[in-house]
Amino acid sequence: MIRRAIRRLSLRGLTVAMLALFLVAVVATGLSVLAANRLTVAQLVDRRIEVIADLVLEPERAGAVVATPQLLARIARVSGQRDTGDVGLLLLDPVGRTLSGNITLRRRLPLGRSELRQRDGIVGLSHGRALVRDAGAGRRLVVVAETEPFDSFRVMRSRIYLIGFGAIVVIVLGGVLAFSRLVSGRIADQRRTVDAIIAGDVRHRVPLGGSGDEFDRQAAAFNRMLDRITELMEGLRSVSNDIAHDLRTPLARLRGQLARIAEDAGDPVQAERAEAALAQCDALLGMFAALLRIAEIEAGHRQAGFAPLDLAALVEETATMMIPVAEDTGQHLTLAVNLYPTGFVGDRQLLIQALVNLIGNAIKYGAPGGMIRVALDGSPEGGATLSVTDNGPGIAPEDHARALRRFGRLDSARGAAGHGLGLPLVAAIARLHRGRLVLGDAAPGLIAALVLPLS
């Protein structure tokens, strides 16, 4: 489950997660070290003041009550020792009045250990520990020792921890961000290469940094793979193009001969047969022309014809031109332009051909006397969607991929004229414009949408 969750994280998400875990670990470590340091110092101070209290009250531990003058003498003797110079001693009577001592307290401390702060008013002490013991006869002995060697040491110590661990966080954060930027840049190079190849520039390759590191070796392997794929594609394209070129010439000659036979035929039956053969020749020539057209588009040779154009006006003109064609078959074509993009760049003739093909398919396969709707709308990705919708039988979702393949004619269209290259040609035009052709269900009918980016 953990491995599956890691796979679902993006590079940015993984970086953020690792940084968050690192920050939590660093902060927890810093706080733990600070707390352990304070606890250790407090324990050492508590042990020290307990020893001093034992020196003053040792006889009372056996149950005897020492007179006040003797206690005062012991306090004076202990206070005079060199290693207790930073220790405060205070003897209080039963009502809390000071009998002897070198400190003054602003509040009455309970029996046992207490934490002292600067607000307690002991001169020269900002943080400390106090031990209050019963000295017998209602008296109390207070022993105080500081936990800081000098004023505001705790603040300085916290600042040292903050600066030290903060420096670690900054260094690691900078390293992670630099690594993330490096990886993102290399991934962006590959993505731009993929986008360029999809757009038709099959010669585009991932740039090498020249360092010979893992990224360069990965890019070089990726480029070798692209070289091999391009080589295989060029071989297939050359074969298909050569066949199309080589067959067009004899087919053109055959068409000319059939045309002369049809003109010279004296028998109406022979003339009709010649006309049928002539129509089949025209269909074959159209198929080869479409194949060569698709090959030319997929090779990216038509990008030289790209220029700024008014996409909304192009759609209006083309749809208006096709209205009489739809009316001849008893169908009704409507137009809805809801988007007027500016600065669109593309090949005007290819886009007109794509729209004519889509409308022609809707006329051919739509319902007799049905409706055909041409629309230009915005796409969820921020681009433009040019769609043609009919209310015919449509195409089943499982057949969409086959309909977009070359010669991918469906069983329902076997009896109709055509060669199965109309939609593949539109898809090639869409890819040339960095877009895509999407088929959908109009319930009933088919929606053929040309999704194009606007930038």
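These are my notebook entries on a predicted model of a protein chain.

Entry 1, conventions. I number residues from 1 along each chain as its sequence is written, and side-chain values use heavy atoms, with hydrogens and water left out. Local features need pLDDT of at least 70 and side-chain atom pairs pLDDT 80 or more, while totals for chains, interfaces and linings use all residues.

I looked up the secondary structure and found ten helices and twelve strands (DSSP runs, H or I of at least four residues for helices, E of at least two for strands, numbered from the N terminus). Of the 455 residues, 37% are buried (under 20% relative accessible area; exposed is over 50%, partly exposed in between; 1.4 Å probe, protein chains only).

I checked H7 (residues 311–328) against H8 (residues 348–365): the axes are 10 Å apart at an angle of about 35° (lines fitted to C-alpha atoms over the stretch in contact, angles from 0 to 180 degrees between N-to-C directions). The contact (heavy atoms within 4.5 Å) includes Leu314 and Met321 of H7 and Leu355 and Ile359 of H8. I sorted its residues into 14 nonpolar, two polar and two charged (nonpolar: Ala, Val, Leu, Ile, Met, Phe, Trp, Tyr, Cys, Pro; charged: Asp, Glu, Lys, Arg; polar: the others, Gly among them).

I found a cis peptide bond between Ala443 and Pro444, omega about 0°. Ala443 lies in the loop between E11 and E12, has a positive phi of about 50°, and is exposed at 62% relative accessibility. Ala137, in the loop between E4 (127–136) and E5 (139–146), has a positive phi of about 55° and is exposed at 59%.
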